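Here is a short report on side-chain packing. It covers aromatic rings, charges over rings and nonpolar cores.

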Amino acid sequence: MYGIIHLKIICYNSILTFAWMNYLSVEGLSKSYGIKQLYQNISFGLNKGDKVGIVAKNGTGKSTLLKSISGIESADSGTVVFRNGIRVSHLLQEDQFSDAQTIQEVIYSGNHPKMKASKEYNHCVAEGIEGSRMENALEQMNELDAWSFESRVSEILDKLKIPSSSTMIKTLSGGQRKRVALGRVLLEDPDLILLDEPTNHLDLEMIEWLETYLTTSSATILMITHDRYFLENVCSVILELDQGNLYRYEGNYSYFVEKKADRHELESTNVTKAKNLMRKELEWMRRMPKARGTKSKARIDAFYRLKEEASKRVREENVNLNIKTTRLGSKTVEFHNVSHHFDQLKTLDKFSYNFQRFERVGIVGKNGSGKSTFLNLLTGDIEPKGGKIVIGDTVSVGYYKQDGIQLKEDKKVIDVIKDIAEIIPLEKGQKLTASQMLGRFLFPPKVQQQYVHTLSGGEKRRLYLLTVLMRNPNFLILDEPTNDLDINTMNVLEDYLLSFKGCLVVVSHDRYFMDKIADHLFVFEGEGKIKDLVGSYSTWLHEKQQTVIKKPKQDKKITVDNVDEKPKKAGFKEKREFGILEVEIPRLEKKKAELTERIASGALSHEALIEASEELGTIIEELDVKTDRWLELSEHFI
């Protein structure tokens, strides 16, 4: 579950040797669990207004670091000092809410003066209290201008789609509890916010709203998130926790990606030099072993420092997803006028669609618009109220559920995999043992012998993903697969899915992931209506916001000015857009050729011919726009 911790901050002036505007100072922090060292002797500071993102692999201690900073967990060594008098709130991965509380009781239980005044006033109104207590409550509301707080409560609860304030906490889902916790953090109006995966369990509209809210907020922020667009748009500093060390990048996610590559290149060069020098020093160390005591102690010490440098691991370990896919025939899954409803709520209305081999469908829409029902219909977990669903004989479904992790906590990691198969087939006739497969998923032998309950949330997700993929599905359904996965694992998963030899249906609130993976979108518009949109998530967003205005094409006039003008340097967003276009343009060309062939065949009815012609016109228009943009961006990348 989720929640926030309110900290009582105690600072000693003798310790405050940092700058006056420094809000947080972390010095020499170390933490280990048994023999596993999470981080060692790390130091950093946060100044007023900083918006900092923490990036690291799963299981390396990101959440533990936030808990150590807030005092929820004790560090092995080091100090954490907050600026005197600031308010700090922490969004955790688990909450401390009582099931007996209502949403209103949770929201108004903070320590902010306006919150306290508003809580007292609402209590007097609800209980019909008059006299001096009501007068004092009104006086406090006026003095603190707490009336504006009431409007903020309404706005934030509405944006996060939190149920009625009288709803009991015990009736809420995990995602709703997370949103209540997030709403309470924001309403606390803290000076410093510690956020652990704030975008989990938010739909796309909520994420975009939160992104804008935090970007324009004056609060200082330290957060963990794997949402790359969120890091790009909100954060001005990135902290990377890597092999127990902390690296600081003064810029957003684009800057981090660029400078991290530079750092690895430099480290690789230094390690190579150290190895070459070490060979010479090793010969010196081996000579005259009986006279070892007469050798220069300084040179011996230098040798061991050199050995440590030469032994550094520069290459990042990544998950290897080279898993075999069962052959998929031409007939996959067909929906024929499928309808479904719950009482009066219509979730699907006479929907027809034939899934094609190798297509990648992204599903978007507001919470409650029928996305989960659609997935359950796909897998046969529920039956349609009308119409029929036909599944091909060769279809093998793999379903990664958002809340479907059913790993036995008291089992060892290796036994979880062995229960499925001792030997796993790969592409090109290769085979791996269960232990070797776990190694490819970054579970080393020591971790394989650990019990599931000792794994981090991201490690459990990675293990669950392996249990789904190793069954060799050719029709893969992924419901929020990126939640709690680190960025490295997500990059590998994206590459795997782009080459996946089967059909893919994915629901995700990760905008970068959807932009990169989906061929086209099923947009759930409510009332059972589904719109099939050719294009990426960004295409849908532009259409939804009505920011794309069709204008008549104009020939670009070439002048001396625009010939000599140097193109602007391309950043992370342009690189991402260029990559998406390289996927979308061939797909549109293929669709254009298919439609042209169908129209020319003479086999279409009059109505089908009109429909195909209109679709062809739309695709040609979109292809022209995307090709022009590709040509513009190709100046930077080709």
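## A buried ring pair

F335 and F351 are both buried (under 20% relative accessible area, 1.4 Å probe, protein chains only). The model is predicted: local features need pLDDT of at least 70, side-chain atom pairs count only at pLDDT 80 or more, and totals for chains, interfaces and linings use all residues. Residues are numbered from 1 along each chain as its sequence is written, and side-chain values use heavy atoms, without hydrogens and water.

## Aromatic pairs

The structure holds 20 aromatic pairs. Rings of Phe, Tyr and Trp (its six-membered ring) pair if their centres lie within 6.5 Å; planes under 30 degrees apart are stacked, over 60 edge-to-face, the rest tilted. F335 and F351 pair edge-to-face, with centres 5.7 Å apart and planes at 75 degrees.

The ring centres of Y496 and F500 lie 5.9 Å apart and their planes meet at 50 degrees, so this pair is tilted. Both Y496 and F500 are buried. One aromatic cluster includes F335, F351, Y353 and F355.

## Charges over rings

R263 lies over the face of Y247, 3.7 Å from the ring centre. R462 lies over the face of F443, at 4.9 Å. The test is NZ of Lys or CZ of Arg within 6 Å of the ring centre and within 35 degrees of the ring normal.

## Nonpolar cores

A nonpolar core joins buried Ala, Val, Leu, Ile, Met, Phe, Trp, Tyr and Cys residues through side-chain atoms within 4.5 Å. The largest has 90 residues; L195, L214, L463 and L497 have the most contacts inside it. Apart from it lies another core, of 26 residues, including I86 and L222.

Methods: Buried means under 20% relative accessible area, exposed over 50%, partly exposed in between (1.4 Å probe, protein chains only).
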